[in-house]
Amino acid sequence: MIDILLAGVGGQGTVLAAKVLAQAAQSKGWQVRTAETIGMAQRGGNVTSHVRMGSNGEAVYSPLITPGTADMVIALEPGEAARALPYLAPGGVLVTATTAIHPVTAALASQPYRAGDVVAALANSLQAEASREQAAESIVAPNTVTADQDASADGVEGYPVPLFIPVDDEALVREAGADSRKSLNMMLLAVAVAQGRVPLTVDELKDAVRACVKPQFVAMNLAAIDTAVANFG
């Protein structure tokens, strides 16, 4: 079973990314269930999509991911990555864009919304969580390595830090072309696949794009995927 949570701001294509991911999984014969929480998406509010895939032939009964159990969180905006962080499982993977989308409330706040500060806080939070988990494991069974640990993993004394992949989306957009900002959702999916963190191939992801995206936008999205793979593959 693979649980992936996608988070973004209304208009970024979070729901479409979930549909593409589900399509790619279904093409492999996996059972898939999805769910969305869209709230005030049309007003720039947050959008969250749950994708649960039976990658080992399991039946998937519920579409919702329980907090603390997501194998991966893919965030199209750093503030939304922070909002979705409680869903990430220990040892999970966080992929996030590093460019902020400033909400209206940010203009009224006394403290500015700085994307760099949020990204740094995410990294620190993941490291602190790994430290707490490692300490808890040592109390239960000191000097042992459990099935949830990997002595060769990068982390705190062997405890696997949830892998953090910040994506400089502005750099990818510049490389891929001006219109590629609309394809940021596909870029982040491609990063996750190219890093080997989702058991799908780039070709399977592209086939899913062709099946889910309107024909006039297919080429743009495929080019965005190629750009992301070239930088993160």
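This is a predicted model: local features need pLDDT of at least 70, side-chain atom pairs count only at pLDDT 80 or more; totals for chains, interfaces and linings use all residues.
Me: What share of the chain's 233 residues is buried?
Reply: A residue counts as buried when its relative accessible area is under 20%. By that cut-off, the buried part of the 233 residues comes to 44%.

Me: How do α1 and α7 lie to each other, going by the angle between their axes?
Reply: Helix α1 covers residues 14-26 and helix α7 covers residues 202-212. Their axes come within 8 Å and cross at roughly 120°. Angles of 65 to 115 degrees count as roughly perpendicular and those over 145 as roughly antiparallel. The two helices are therefore oblique to each other.

Me: And which residues of α7 does α1 meet?
Reply: From α1, Leu16, Lys19, Val20, Gln23 and Ala24 take part. By class, this contact has eight nonpolar, one polar and two charged residues. On the α7 side you'll find Glu204, Leu205, Ala208, Val209, Ala211 and Cys212.

Me: How far apart are the end C-alpha atoms of α8?
Reply: Helix α8 has 18 residues, 215-232. At 1.5 Å a residue it should span 26 Å, and the model agrees with that: the ends are 26 Å apart.

Me: What covers the buried residues of α8?
Reply: Those buried residues are Val218, Asn221, Leu222, Ala224, Ile225, Thr227, Ala228 and Phe232. Their cover includes β8 (163-167), α5 (169-176), α6 (184-194) and α7.

Methods:
Residues are numbered from 1 along each chain as its sequence is written. Side-chain values use heavy atoms; hydrogens and water are left out. Axes are lines fitted to C-alpha atoms, for helices over the stretch in contact, and angles run from 0 to 180 degrees between N-to-C directions. Helices (H or I, at least four residues) and strands (E, at least two) are DSSP runs, numbered from the N terminus. Angles under 35 degrees count as roughly parallel, over 145 as roughly antiparallel, 65 to 115 as roughly perpendicular and the rest as oblique. Contact means heavy atoms within 4.5 Å. Ala, Val, Leu, Ile, Met, Phe, Trp, Tyr, Cys and Pro count as nonpolar, Asp, Glu, Lys and Arg as charged, and the others, Gly among them, as polar. The expected span of a helix is 1.5 Å times one less than its number of residues. Buried means under 20% relative accessible area, exposed over 50%, partly exposed in between (1.4 Å probe, protein chains only).
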